[in-house]
Amino acid sequence: MLIAALRKELLLQWRSRAQFMAVFVFGAAALLLFSFAVGPVAEMLRQFSAGFLWLGLLLSSTLTLAESFHAEMENRALEGLLLLPANPRALYYGKAIANWLQLVLLGIALVPVMVVLYDAGTTRIGPLIGVIALGAAGLSAPGTLYAAMTAQVRSKQTLLPLLLFPLIVPALLASVKATSLIILGDPMNQVTAWIVLLVAFDAIYWSLCGLLFSRVVEE
Amino acid sequence: MKRNLFWLAIALLAAAVYCGLIVTVGEQYLRADLSLGLPVGARTLIALLGGLVALVLLIVADDFRNLSRPKALAVAGALFLMVGSYFGLFVAPPEQFMGDIQRIMYVHVPTAWFALVALTLAFASAVVYLFGGDYDWDARMEASIEVGVVLAFLLCCQGSIWAKPTWGVWWDWDPRLTTTAVLLFAFLGILALRKFVDDPYRRAMWSAVATIIAYVDVPIVYFSVKWWNSLHQQQSNPNTVSKPFWIPLRASAFGILLLMTAFIMLRARVAALRLKHELAPPPLTGAEIGESV
């Protein structure tokens, strides 16, 4: 059932890949604009590059997450899905995993932009992708749950960030710190602590949101 | 039953005030030993548990009909707060290192305690609603969130007023300060969500889910910011706070406790009345009744 839900989501995302491109351009534009806040000082830009990358990804994520229940809202498709003899949890995890994959792709796509604009290159590609995957998981689990709520109300574009941003503060903090340590060097080996925090955050919210999702969509 | 609970809560409150406040007043100003042989630790425990259990009982026993109870509690709370402020501003000696600036602690510390208590109450109400589906608990949750948000906002303001002369900055990225700010925004978001959802069932269910999720975040935010940066004072306890400071601190604490309880009761009453209005069937129009309109 989870596989079927996931396949449905991935198919939907593949067919709307133009939207992914638009969100990517939005994220890249955000990264460009952040540099104007600091000014053309290469050293400072490099220092703040991890923070800018994650803020760019966070802003872009609100666009993809807010749209992720778009298809279900048309023709009351959500009700149809809930009538299927399947656990709504599978629906949630299918969507959350699809959102996660999209955010990971987006994050990886934004890395070259960051490297070019802020001169923040690193050879430690593996850990960098790992941190992006863990951080994106922290955004996608509560983000998908809140999107299920906000997609059904007026002014969803305002409400989703309002609910999501305070909640993901620890995930954002840990991701920025870990990314920053990977890019700028990590003499004290602090990156492990931040990754443990990210894993704990992900574990808590992937299980809690899955438990609570059926209460959000039930009629 | 509910009537008995109310008087039990009042009795607990009286015991808490006696153990927490009156005994200390007797020791310092009346030269009388009113402790009834109870050691300091037991008295502190009775004051703490008595106050908290009384709060829970008062909220649970409230059926939103009686307006005189919350009003009486609010008046009592205001009186306690006045006594606490008087002792804090005019009677207690200035603190050794910070001088008069430290006097804000008499309201700041209780505000911090009860902001957390109010939001814990919101979390408990959310859990009870999620499992029971009783709309009374939805009303209590809304009330506790709102009062908690007000207290958290006051906490940030008081903290800034204290921090400017002490640390030289209005704001500092300290774990407790940052956690309070994050909490404030998280629960403001839930209040906004409630405003945007018209269907009472969905509003109750969604805000209960969001409250649980936001509350679970509190310790995670605290520890992540703690690793990130730290500067705040260590928390004090009765052993590190000298006795002249007890009376203003505890009187203010009881004052804020009573005021908070009263506000939650009053606000829950408003929420319950609104909900009753929303859940009621729409009134018949003139044509349906058979009048010529």
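Analyst: A crossing is right-handed if the near helix is turned clockwise from the far one by less than a right angle, and left-handed if anticlockwise. By that rule, H2(A) and H6(A) cross right-handed. The model is predicted, so local features need pLDDT of at least 70 and side-chain atom pairs pLDDT 80 or more, while totals for chains, interfaces and linings use all residues. Residues count from 1 along each chain as its sequence is written, chains are lettered from A and ligands numbered from 1, both in written order.

Stay with that pair in chain A. H2(A) covers residues 17-38 and H6(A) covers 88-118. Helices (H or I, at least four residues) and strands (E, at least two) are DSSP runs numbered from the N terminus. The two axes lie 10 Å apart, at an angle of about 35°. Axes are lines fitted to C-alpha atoms over the stretch in contact, with angles from 0 to 180 degrees between N-to-C directions.

Now the residues. From H2(A) come A:Phe20, A:Val23, A:Phe24, A:Gly27, A:Ala28, A:Leu31, A:Leu32 and A:Ser35. They meet A:Gln102, A:Leu106, A:Ala109, A:Leu110, A:Val113, A:Met114, A:Leu117 and A:Tyr118 of H6(A). Contact means C-beta atoms, placed from the backbone, within 7 Å. The classes come to 13 nonpolar, three polar and no charged residues. Nonpolar is Ala, Val, Leu, Ile, Met, Phe, Trp, Tyr, Cys and Pro; charged is Asp, Glu, Lys and Arg; the others, Gly among them, are polar.

Chain A has 10 helices and zero strands. Its C-alpha trace spans about 55 × 30 × 30 Å along the principal axes. Take the chain A contacts between residues at least 6 apart in sequence: 83% join residues at least 24 apart.

H4(B) (105-132) and H8(B) (246-279) pack at about 35°, axes 9 Å apart. Their crossing is right-handed. H4(B) brings residues including B:Tyr106, B:Trp113 and B:Phe114, and H8(B) brings residues including B:Pro248, B:Ile256 and B:Met260. That contact has 13 nonpolar, two polar and no charged residues. In H8(B), 25 of the 34 residues are buried, so the helix is largely enclosed by the rest of the structure.

B:Leu58 sits in H2(B), residues 40-61. It is buried, with 24 other C-beta atoms within 10 Å. Leaving out residues up to four places away in sequence, B:Leu58 touches B:Phe6, B:Ala9, B:Thr261 and B:Met265. The C-alpha atoms of B:Leu58 and B:Leu258 are 10 Å apart, across 200 residues of chain. B:Asp136 belongs to H5(B), residues 135-167. With 19 C-beta neighbours inside 10 Å, B:Asp136 is partly exposed. Its C-alpha atom lies 41 Å from that of B:Leu34, 102 residues away along the chain.

Last, the interface. 23 residues of chain B are in contact with 22 of chain A. On the chain B side, H6(B) (175-196) and H7(B) (200-228) each supply at least two residues. H7(B) gives the most, with 14. That side has 20 nonpolar, two polar and one charged residues.

Definitions and conventions. Two residues are in contact if their C-beta atoms, placed from the backbone, lie within 7 Å. A residue is buried if 20 or more other C-beta atoms lie within 10 Å of its own, exposed if 12 or fewer, and partly exposed in between; C-beta atoms are placed from the backbone.
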